[in-house]
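Please open the structure in a viewer and keep the selection tool at hand.

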Amino acid sequence: MARKIAILGGTGPEGSGLANRFARAGETVVIGSRDAARAQEVAAKLRSEIGGAVQVEGADNAGAAAQCDVAFLTIPFSGQAALLKSLKSVWKPGTVVIDTTVPLMASVGGSPTRMLGVWQGSAAEAAREFLPHGVTIAAAFHNLSAELLAGNAAVECDVLVCSDDEKAKQVASELAGKIPGVRALNGGKLEQARIVESVTALLIGLNIRYKVHSAGVRFTGVPLQR
């Protein structure tokens, strides 16, 4: 049976962009939202835009999480704890959670170029505390432009994948490779996610100063296999 990918908070720009890319790559995608009707609306829009036999559905966040094999967290940091607490009893054992959350001050009304202090060290490490035994987590996909994800052109950006679990790291890396132009790099253990998350604040500042929407990162001197 084909795996299902849930995009929790998937009606926002980042979530719908990832849903678009994975659906185009032939994955089965379930967009999750607090409002199931809104998720279904976004799913229908993507099916219309992509065409063909694309497999994109919509559900509330709990319904999406309950049926998935891989779940992306694409919600503001301010809502992360409440969502994960509400989902604690619905996960299937073996689910891989991929956290794209960045703890920006903007999530609490501050500057989008400043980071919140997170006691656990990073948003991903905070998320891990709310996941039940048997559900693993990787931190990845923080630095991809939502605007570029919404289309179908190549996205020239590296994705750093951080995790303490090799399967979670492998799944996140494989999915990154399904987006044309993207290369996944092993970012180390989950504790390194605090560094990767902070790069997003830097990129937002570059976008603002240079009046662009597509600043990304490429690492030189690393083998080019994707």
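**First stop: a strand residue**

Select Val-56, which is placed in strand β3 (residues 56–60). Helices (H or I, at least four residues) and strands (E, at least two) are DSSP runs, numbered from the N terminus. The model is predicted: local features need pLDDT of at least 70, side-chain atom pairs count only at pLDDT 80 or more, and totals for chains, interfaces and linings use all residues. Residues are numbered from 1 along each chain as its sequence is written, and side-chain values use heavy atoms, with hydrogens and water left out.

Is Val-56 buried or exposed? At 3% relative accessibility, Val-56 counts as buried; buried means under 20% relative accessible area, exposed over 50%, and partly exposed in between (1.4 Å probe, protein chains only). Show its contacts, where contact means heavy atoms within 4.5 Å. Leaving aside neighbours within four places in sequence, Val-56 is in contact with Ala-23, Val-29, Ile-31, Ala-43, Leu-46 and Arg-47.

**Second stop: two helices**

Two packed helices are described by the angle between their axes and the distance between the axes. Select helix α1 (residues 13–24) and helix α2 (residues 36–50), whose axes come within 11 Å and cross at roughly 45°. Axes are lines fitted to C-alpha atoms, for helices over the stretch in contact, and angles run from 0 to 180 degrees between N-to-C directions. The helices α1 and α2 are therefore oblique to each other; angles under 35 degrees count as roughly parallel, over 145 as roughly antiparallel, 65 to 115 as roughly perpendicular and the rest as oblique.

Which residues of α1 meet α2? Ser-16, Ala-19, Asn-20, Ala-23 and Arg-24 in α1 meet Val-42, Leu-46 and Ile-50 in α2.

In soluble globular proteins, nonpolar side chains tend to be buried together. Here the largest nonpolar core has 38 residues, and those with the most contacts inside it are Phe-22, Phe-72 and Phe-141. Such a core is a set of buried Ala, Val, Leu, Ile, Met, Phe, Trp, Tyr and Cys residues joined through side-chain atoms within 4.5 Å. Helix α7 (residues 166–176) supplies the largest share of this core, five residues.

Select Phe-22; not counting residues up to four places away in sequence, Phe-22 touches Ile-5, Ile-7, Glu-27, Val-29, Phe-72, Phe-141, Leu-175 and Ile-179. Then move to Phe-141, in the loop between β6 (136–139) and α6 (146–149). Phe-141 is buried, at 1% relative accessibility. Most residues other than glycine have a negative phi. Phe-141, although not a glycine, has a positive phi of about 70°.

Select Gln-80, in helix α4 (residues 80–87). Gln-80 is buried, with a relative accessible area of 1%. Beyond its neighbours within four places in sequence, Gln-80 is in contact with Ile-75, Asp-99, Thr-101, Ala-123, Ala-126 and Ala-127.

Now select Ser-122, in the loop between β5 (96–99) and α5 (123–128). Ser-122 is buried, with a relative accessible area of 1%. Not counting residues up to four places away in sequence, Ser-122 touches Leu-190, Ala-193, Arg-194 and Glu-197.

**Last stop: an exposed residue**

Finally, select Lys-211, in the segment after α8 (193–210). Lys-211 is exposed, with a relative accessible area of 73%. Lys-211 is not a glycine, yet has a positive phi of about 55°.
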